[in-house]
Number of protein chains: 2
Amino acid sequence: MKTLNTAIIGYHTTKFGELWERSLFHLAQEAIEEAIKNAGLEKEQIDAVFFGNMMAGIIENNVHATAKIAELLEMNLPVFRTEAACASGGMAFELAATYLKANPGKTALVVGAEKMTDVSVQDVTQALSAAASGEEQNVGLTFPGLYGILAQQYLQTYNYTEEHLAHVSVKNHYHGTFNEKAQFRREITVEQVMKSTYVASPLKMLDCSPITDGAAAVVLTSNEAYIKNKPAAYVHAVVSATDTISLKHRKRLTGLDATRIAAAKAFEQAGIGPDSIRIAELHDCFSIAELLAMEDIGFWNEGEAGARIAEGATRLDKKGPLVVNTSGGLKASGHPVGATGIKQLGEVYLQVTGQAGKRQVENATFGLAQNVGGSGGTAVVTILGTDHA
Amino acid sequence: MKTLNTAIIGYHTTKFGELWERSLFHLAQEAIEEAIKNAGLEKEQIDAVFFGNMMAGIIENNVHATAKIAELLEMNLPVFRTEAACASGGMAFELAATYLKANPGKTALVVGAEKMTDVSVQDVTQALSAAASGEEQNVGLTFPGLYGILAQQYLQTYNYTEEHLAHVSVKNHYHGTFNEKAQFRREITVEQVMKSTYVASPLKMLDCSPITDGAAAVVLTSNEAYIKNKPAAYVHAVVSATDTISLKHRKRLTGLDATRIAAAKAFEQAGIGPDSIRIAELHDCFSIAELLAMEDIGFWNEGEAGARIAEGATRLDKKGPLVVNTSGGLKASGHPVGATGIKQLGEVYLQVTGQAGKRQVENATFGLAQNVGGSGGTAVVTILGTDHA
């Protein structure tokens with residue numbers, strides 16, 4: 001199967017940032033309404049909604065979003081909420097694509113949203129740590145700590161330095177300057193990253209994605225009449241895989257097997273290889289994560305990422321074969337966790353349909369998104385493309 | 001379409017009750033392992049897992065169960081967590097059936113689990129209230145209060161008394177005596193219900209389902225080779241619908257429109273009517289809920305339920321055309337919220353395949369399960385049957 005005959009035909013993301021005046025469902029509502037409008041549809045043409053959110057239960061004692069979304073839409077349609085920590089958005093999209101494969105001709109709205117800045121940094125850090133195992137939480141490991149362990153392992157194994165990590169953030173901040181929805185829109189330098197405070201060695205503040213509010217939605221359809229004459233990004237593959245929740249049970253710490261397995265299956269489904277991808281949105285929750293993803297997906301060989309990122313290989317202005325995180329990634333665009341997976345897919349949709357404006361990558365026929373939950377316990381890899389045959 | 005060619009071929013539920021010595025994932029693990037064994041399969045024959053849970057995030061800062069389940073199974077397979085308040089189990093099952101429709105020949109494990117007794121009654125009441133709207137929570141409405149409003153409306157509209165409600169609990173406690181996994185296994189009388197303390201008028205303690213720990217799992221497959229020569233309950237329909245999360249936005253309060261819509265579509269899909277159903281597991285979180293469900297599904301006419309329940313129409317010993325909640329329902333069997341929807345389906349599976357022992361209903365060719373989230377913001381209706389043509 002080269003394609004699922006299912007395409008994204010509309011997208012909207014709210015501004016990402018510290019949006020103190022807006023609630024979770026205000027944000028979700030904007031994303032939902034504007035994505036439907038962007039697709040040129042009416043809400044009555046939506047058959048089902050898939051909603052990705054991680055932490056509203058913990059932060060604001062708010063679950064049962066299925067009914068809240070029905071209330072917003074004033075419709076009685078099926079609504080499904082998924083949660084896979086920071087991969088909640090990607091997983092919602094995977095289930096929506098599955099729904100459309102089972103129900104040809106139908107249309108789904110996929111929305112992700114997260115409201116993180118209404119509580120203290122301590123409380124949101126605690127809520128994020130809910131994605132780690134109980135044992136990891138009990139010894140005080142937070143996510144910078146978990147990714148710090150992965151970063152140490154990578155740097156030591158391949159003899160890289162912290163400067164190599166810094167190039168990820170520098171590139172993504174540069175890309176963020178082109179994205180008006182991004183949380184941070186200013187360039188930073190390797191020196192600034194190196195001088196920023198340690199959060200969990202070797203990761204410093206500017207290696208870490210921020211705490212963010214935001215929502216994003218895409219309209220996904222297998223209705224040929226809706227796709228016709230519209231910019232459309234076909235789903236060539238969407239595959240998830242899992243791994244142990246605890247780092248201590250992993251087979252290796254220099255990469256994420258969930259990404260590796262999901263990517264290999266996705267390329268097999270799509271019938272293409274990493275070489276065909278021109279644009280990728282990768283889950284750079286921490287700088288190290290983008291380097292691991294480049295190798296796990298097969299864009300670069302094992303141990304190669306540190307050297308290649310320092311060359312600026314995946315920067316927009318390099319005009320190389322692959323540009324990574326044109327949205328600014330999680331680092332500059334922001335990381336409202338439930339929304340991130342959908343924003344990634346929206347960015348790939350904009351790129352493959354030629355709507356990415358100042359950050360447009362030329363000849364972006366195929367694009368890839370990789371969304372990760374926790375320290376790699378879940379990964380979803382999606383391949384989108386303009387052709388559908 | 002008369003059938004999805006997908007069948008339940010294995011089931012296990014843990015004991016339901018106050019299981020202080022067991023954790024959420026201990027319970028889930030027992031359900032998973034024993035359901036796979038009951039289906040006569042090995043874990044490697046499972047292609048995907050669907051997990052329903054409502055409140056582990058709130059109660060124990062525990063999300064990302066996708067990875068935890070992968071760790072338990074020592075596999076990297078896709079795992080999906082769904083949440084729709086107390087309909088989380090039913091929704092997991094619906095998505096699993098959709099997955100199998102999209103991927104013929106595959107096999108899914110659907111597991112629901114909830115651990116509710118490790119925190120105070122106040123804390124679990126608060127966590128349950130997360131399924132209500134923010135506005136309802138802010139005015140102090142808890143779930144007995146919300147269903148108390150529905151009960152008042154029903155009793156007043158049709159001139160019934162609190163004794164009519166009491167018959168629901170009396171019947172379900174009677175059925176619970178036949179279910180060795182039930183939380184409560186003793187009969188109660190109308191007098192005992194009437195003398196029990198008011199929780200939220202007109203609902204008294206013995207109108208309310210208890211706080212429960214438990215897990216349940218079914219193996220669902222579209223692989224004909226796995227189904228052959230095994231007791232199998234085919235999925236004839238599984239449909240969800242939504243309604244407003246807040247009671248104040250509902251069109252009526254004498255029933256749940258989400259159930260009504262989902263049931264009508266389910267009967268249409270299955271090509272049968274309510275008359276064909278011999279056994280139903282309905283979501284009696286409070287006594288009133290079973291009466292509303294009987295009318296919303298179309299088993300009884302509007303306003304008829306109070307009179308019919310008092311006649312004992314749906315008791316096992318009545319040997320009438322329809323028996324309801326042979327498991328004991330949520331009231332006697334217990335209500336570990338994420339597990340409830342799966343236990344309901346498991347009970348219907350046992351009944352239609354003739355494995356229900358002392359509580360077996362004769363000629364139970366078709367059975368129905370109705371799983372509700374919140375005060376009716378979500379409903380999932382499933383029809384199972386022995387034939388598949």
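Let's start with B:Thr142, which counts as partly exposed at 27% relative accessibility; here buried means under 20% relative accessible area, exposed means over 50%, and partly exposed is in between, with a 1.4 Å probe and protein chains only. B:Thr142 sits in the loop between α6 (134-138) and α7 (143-158) of chain B. The helices I name are DSSP runs of H or I with at least four residues, the strands are E runs of at least two, and both are numbered from the N terminus. B:Thr142 and B:Gln126 are 16 residues apart in sequence, while their C-alpha atoms are 7.7 Å apart in space.

A quick word on the ground rules. This is a predicted model, where local features need pLDDT of at least 70 and side-chain atom pairs count only at pLDDT 80 or more, while totals for chains, interfaces and linings use all residues. Residues are numbered from 1 along each chain as its sequence is written, chains are lettered from A and ligands numbered from 1 in the order in which they are written, and side-chain values use heavy atoms, with hydrogens and water left out.

Now over to chain A and another threonine. A:Thr117 is in the loop between β4 (107-114) and α5 (121-128), and at 15% relative accessibility A:Thr117 counts as buried. What does A:Thr117 touch, not counting residues up to four places away in sequence? With contact meaning heavy atoms within 4.5 Å, A:Thr117 touches A:Glu18, A:Leu19, A:Trp20, A:Ile211, A:Thr212 and A:Asp213. For A:Leu19, the separation from A:Thr117 is 98 residues in sequence and 7.6 Å in space, C-alpha to C-alpha. There is also a polar contact of 3.5 Å between the side chains of A:Thr117 and A:Lys115. By polar contact I mean a pair of N or O atoms within 3.5 Å; within protein, one must be able to donate a hydrogen and the other to accept it, and residues adjacent in sequence count only if both atoms are side-chain atoms.

Next, please look at A:Glu162, in helix α8 (residues 162-176) of chain A. Is A:Glu162 buried or exposed? A:Glu162 counts as buried, because its relative accessibility is 18%. Its side chain makes a polar contact of 2.6 Å with the side chain of A:Lys204. Beyond neighbours within four places in sequence, A:Glu162 is in contact with A:Leu155, A:Met194, A:Tyr198, A:Pro202 and A:Lys204.

A:Pro202 deserves a stop of its own. A cis peptide bond joins A:Ser201 and A:Pro202, with omega about 5°, and A:Pro202 lies in the loop between β5 (198-200) and β6 (203-204) of chain A. In chain B, a cis peptide bond joins B:Ser201 and B:Pro202, again with omega about 5°.

A:Gln351 is our next buried side chain, with a relative accessible area of 1%, and A:Gln351 lies in helix α15 (residues 337-352) of chain A. The side chain of A:Gln351 reaches the backbone oxygen of A:Arg359 at 2.8 Å.

Let's turn to some backbone angles. A:His64 is not a glycine, yet has a positive phi of about 60°. A:His64 is found in the loop between α2 and α3 of chain A, and is buried at 1% relative accessibility. Helix α3 (residues 65-73) of chain A is mostly covered, with seven of its nine residues buried. After α3(A) comes A:Glu74, with a positive phi near 55°. In chain B, B:Ala85 has a positive phi near 55°, and is buried with a relative accessible area of 0%.

The lining of the largest cavity includes A:Met54, A:Arg81, B:Met54 and B:Arg81. The elements that give two or more residues to this lining are α2 (56-60) of chain A and α2 (56-60) of chain B.

Conventions: 1 Å grid on protein atoms, 1.4 Å probe; cavity = no way out; pocket = protein on both sides within 12 Å on 5 of 7 lines; lining within 4 Å.
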